[in-house]
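Let's walk through this model together, one piece at a time. Keep the structure open beside the text and turn it as you read.

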Amino acid sequence: MGHRDDGRRAFLKQTTAASLALLAGGANPAGAAAPDKNGDVPPTEDLMREHGVLRRILLVYEEAARRLPSSDDTVLDVIAGAANVVHRFVEGYHEKLEEQFVFPTLEKAGKLIELTTVLRVQHGAGRKVTDAILQGTKGGKTGKAAGTDQRQALVNHMQSFVRMYAPHAAWEDTELFPIYRGLFNKAELDRLGDQFEGQEHKLLGGGGFEGSLRDVADLEKALGIHDLAQFTPR
């Protein structure tokens, strides 16, 4: 595979270190993708990591929806920031990869056609919800006296987004991507990774994956949900 952005390569190598240790000991779960000697991973694993960004946005939406009815307008700023990451990174890049490369290849091979049909519909529905969320944040900055109905509508939009995308990403990770990866040999996966890299630079510019991840981390800090330990049951 071509050399990707150094920051992203370092990120990928760090997160695959544990897998390398398991593989060295002979433990290779069924269907697991072993990194090559350069630490590169298949493009399908890149897609799964991008789902990690999406899932963290879902956590931001869940917390913002909980606070919005009684919070000041700073929460609206966080919601707008999250929706902009969704618009730019999830819809403008990640989903375009799926629609341009993943779904057509599976459909041409006669694989998972019913699932890809549902996923396409959900992409369209998600974009409408994101537009509604962005519109809601623009019209709601009038202090705590803002209309209750308007804020509740924004909460409803975020909740519907979370409700759809949590299973959406889970089905893609467990059903779609493993089948898609199985359609390629190593050389073909390398070429596909280069194509994904080209799209990343074209659609996201210099920031790419790491920039979007940093944006989400800043939103988590703004809500005070950046410490993973706080989610541990006590």
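The angles themselves run from 0 to 180 degrees between N-to-C directions, and the axes are lines fitted to C-alpha atoms, for helices over the stretch in contact. Before we use those words, please note that this is a predicted model, in which local features need pLDDT of at least 70 and side-chain atom pairs count only at pLDDT 80 or more, while totals for chains, interfaces and linings use all residues. Residues are numbered from 1 along each chain as its sequence is written, and side-chain values use heavy atoms, with hydrogens and water left out.

Start with the overall picture. The chain has eight helices and zero strands, where helices (H or I, at least four residues) and strands (E, at least two) are DSSP runs numbered from the N terminus. Of the 234 residues in the chain, 43% are buried; buried means under 20% relative accessible area, exposed means over 50%, and partly exposed is in between, with a 1.4 Å probe and protein chains only. Contact here means heavy atoms within 4.5 Å. Among the contacts in the chain with a separation of 6 or more, 82% come from residues 24 or more positions apart.

Now find helix H3 (residues 43–67) and helix H8 (residues 208–223), which pack at an angle of about 20 degrees with their axes 10 Å apart. H3 and H8 are therefore roughly parallel to each other. H3 passes H8 in a left-handed crossing, the term for a near helix turned anticlockwise from the far one by less than a right angle, with clockwise giving a right-handed crossing. On the H3 side, the residues that meet H8 include Val53, Ile57 and Val60, and their partners in H8 include Phe209, Leu213 and Val216. By class, this contact of H3 with H8 has 10 nonpolar, no polar and six charged residues. In that scheme Ala, Val, Leu, Ile, Met, Phe, Trp, Tyr, Cys and Pro count as nonpolar, Asp, Glu, Lys and Arg as charged, and the others, Gly among them, as polar.

A second pair to look at is helix H4 (residues 74–108) with helix H7 (residues 186–204), packed at an angle of about 145 degrees with axes 11 Å apart. H4 passes H7 in a right-handed crossing. Residues making this contact include Phe89, Gly92, Tyr93 and Phe101 of H4, together with Leu192, Phe196 and Leu203 of H7. The contact of H4 with H7 divides into eight nonpolar, four polar and three charged residues.

What about the charged side chains? A salt bridge is a side-chain nitrogen of Lys or Arg within 4 Å of a carboxyl oxygen of Asp or Glu, and by this rule the count comes to 11 salt bridges. In helix H3, glutamate 45 and arginine 49 lie four residues apart, about one turn of the helix. Their closest N and O atoms are 3.0 Å apart in a salt bridge, and both residues are buried. Glu63, Arg66 and Arg67 are linked in a network of salt bridges.

Glutamate 95 and arginine 127 also meet through their side chains in a salt bridge (3.3 Å, N to O). Glutamate 95 lies in helix H4 and arginine 127 in helix H5 (residues 113–139), so the pair ties together parts that are 32 residues apart in sequence. Glutamate 95 counts as buried at 1% relative accessibility, whereas arginine 127 counts as partly exposed at 25%. In helix H7, aspartate 190 and lysine 186 are four residues apart, about one turn of the helix, and their side chains meet in a salt bridge (2.9 Å, N to O). Aspartate 190 counts as buried at 17% relative accessibility, and lysine 186 is partly exposed at 47%.

Finally, visit helix H6 (residues 148–181), where you will find glutamine 150. Glutamine 150 is partly exposed, at 34% relative accessibility. Leucine 176 is also placed in helix H6, and at 0% relative accessibility it counts as buried. Leaving out residues up to four places away in sequence, leucine 176 touches Val102, Phe103, Leu106, Leu112, Leu115, Thr116, Leu119 and Trp171. The C-alpha atoms of leucine 176 and valine 102 are separated by 8.8 Å, though the two are 74 residues apart along the chain.

Conventions. Parallel < 35°, antiparallel > 145°, perpendicular 65-115°, else oblique.
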